[in-house]
Amino acid sequence: MKNKADIQNFSLISAVARRIDELLMERNLTQYKLAKLAGIAEPTISAIRRQRNKTVSLNVIYAIADGFEMSLSEFFAAEYFNNVTE
């Protein structure tokens, strides 16, 4: 069992940004390539990764997950999404 001090809380946007960063590294993809695969503008992905916006639409997250060839449930399967505080 994890100690509460060991659990890091995330805002939703920081958790999404972290997930994208992890998946880019795991799959050896660039932000540019993900944008092409997802069919969304590269600056949109950049803004999410840099947490320039407080929110991100579910449609954009869906497109990003699709670009990674995964479902939304797979995208949100990272444990740190359980610690989102806002």
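Relative accessible area under 20% is termed buried, over 50% exposed, and in between partly exposed (1.4 Å probe, protein chains only). The model is predicted: local features need pLDDT of at least 70 and side-chain atom pairs pLDDT 80 or more, whereas totals for chains, interfaces and linings use all residues. Residues are numbered from 1 along each chain as its sequence is written, and side-chain values use heavy atoms, without hydrogens and water.

**Figure 1. Salt bridge between aspartate 21 and arginine 49.** The N to O distance between the two side chains is 2.5 Å; a salt bridge requires a side-chain nitrogen of Lys or Arg within 4 Å of a carboxyl oxygen of Asp or Glu. Aspartate 21 belongs to helix α1 and arginine 49 to helix α3 (residues 42–49), so that the pair, 28 residues apart, links distant parts of the chain. Helices are DSSP runs (H or I, at least four residues), numbered from the N terminus. Arginine 49 is partly exposed at 28% relative accessible area, as is aspartate 21 at 26%.

**Figure 2. Salt bridge between glutamate 22 and arginine 18.** The side chains meet at 3.2 Å, N to O. Both residues lie in helix α1 (residues 12–26), four residues apart, and are therefore separated by about one helical turn. Glutamate 22 is partly exposed at 24%, and arginine 18 is partly exposed at 33%. The whole structure contains two salt bridges.

**Figure 3. Contact of helix α2 with helix α4.** Leu34, Leu37 and Ala38 of α2 meet Ala63, Ile64 and Gly67 of α4, contact being defined as heavy atoms within 4.5 Å.

Note on methods:
Helix = DSSP H or I, 4+ residues; strand = E, 2+ residues; numbered from the N terminus.
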